[in-house]
Amino acid sequence: MHRLVLALLLAVVAAAPSTAQTVTLTFDELPTQPVDGLTVKGVTFDFKVLGTDSLDARYGAFGPGATPLIQDPSLEGDAHGILTLDFAQPVSHLSFGVALFTGLSLTPGCTVDLYDESLAFLGTASANMTPFMFFTEGLLSAADGPYSRAVVDFFDAGSRFALDNLTYAVAVPEPGPVALLAGFAAAGLHLARRRRRR
């Protein structure tokens, strides 16, 4: 009987639907400050230039102003750096707009290396970038997660970068099946206790 109850509980957990909660950072959530070591809405940022932690990337800073993909404030910094995003929960989708201070078309202009929870490499997503006034910009989008880490490389293209509208989706279990699971667990424990008393 115990095995039957356990199998039933595992089946309910496996079948429990989940919805994706989408989170977007527009970089106006906090006052302007260095992004290195900062955690906002489940994302921890790390920024390094030549392998050393750098304060030259700022949350809530001003870059190109208003372009099709960037609306200041944004995350603005040194394009020679590497930006790492660590997610508190694995994400199924990741996207953001990125602009570089150069008027060149770039293919790709920016890449993101994606990693799972054990930091095993899963693949790379890239953004092709087209000129807009003094900047070039593109949309980077990666689906088919789950990803726990994203490492953004700007290829030293231009002197500065701006990143905006960082959007990611986190799976959230539906409350109905969780409550159902708790009910099954309680019923199973009650039956098991009654059988022991007999």
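Helices (H or I, at least four residues) and strands (E, at least two) are DSSP runs, numbered from the N terminus. By this definition the chain has two helices and 13 strands. The model is predicted, so local features need pLDDT of at least 70 and side-chain atom pairs count only at pLDDT 80 or more, while totals for chains, interfaces and linings use all residues. Residues are numbered from 1 along each chain as its sequence is written, and side-chain values use heavy atoms, with hydrogens and water left out.

**The chain as a whole**

Of the 198 residues, 40% are buried. Buried means under 20% relative accessible area, exposed means over 50%, and partly exposed is in between (1.4 Å probe, protein chains only). The accessible surface comes to about 10,500 Å², and carbon and sulfur atoms hold 60% of that surface. Such areas come from the Shrake-Rupley method with a 1.4 Å probe; for residues, only the protein chains shown count as cover. Among contacts (heavy atoms within 4.5 Å) with a separation of 6 or more, 73% are between residues 24 or more positions apart.

Strand S11 covers residues 135-142, and six of its eight residues are buried. Two strands pair if DSSP finds at least two bridges between them. S11 pairs with strand S8 (residues 81-100) in the antiparallel sense over seven bridges; Gly97 has Leu139 in S11 as its bridge partner. S11 also runs antiparallel to S10, to which three bridges join it. Here Phe132 is bridged to Phe135 in S11.

S10 and S11 form a hairpin with two residues between them, and Met133 in the turn has a positive phi of about 55 degrees. Phe134 lies in the loop between these strands and counts as exposed because its relative accessibility is 62%. Phe101, Met133 and Phe134 make a nonpolar surface patch of about 400 Å². Patches are made of residues with over 30% relative accessible area and no salt bridge; like charges are joined within 9 Å, nonpolar side chains (Val, Leu, Ile, Met, Phe, Trp, Tyr) within 5 Å. A salt bridge is a side-chain nitrogen of Lys or Arg within 4 Å of a carboxyl oxygen of Asp or Glu.

**Backbone angles in loops**

Most residues other than glycine have a negative phi, and most peptide bonds are trans. The table lists exceptions.

| Item | Backbone value | Loop |
|---|---|---|
| Asp72 to Pro73, cis | omega about 5 degrees | Pro73: between S6 and S7 |
| Gly145 to Pro146, cis | omega near 15 degrees | Pro146: between S11 and S12 |

Leu50 counts as exposed at 83% relative accessibility, and Asp144 counts as exposed at 71%.
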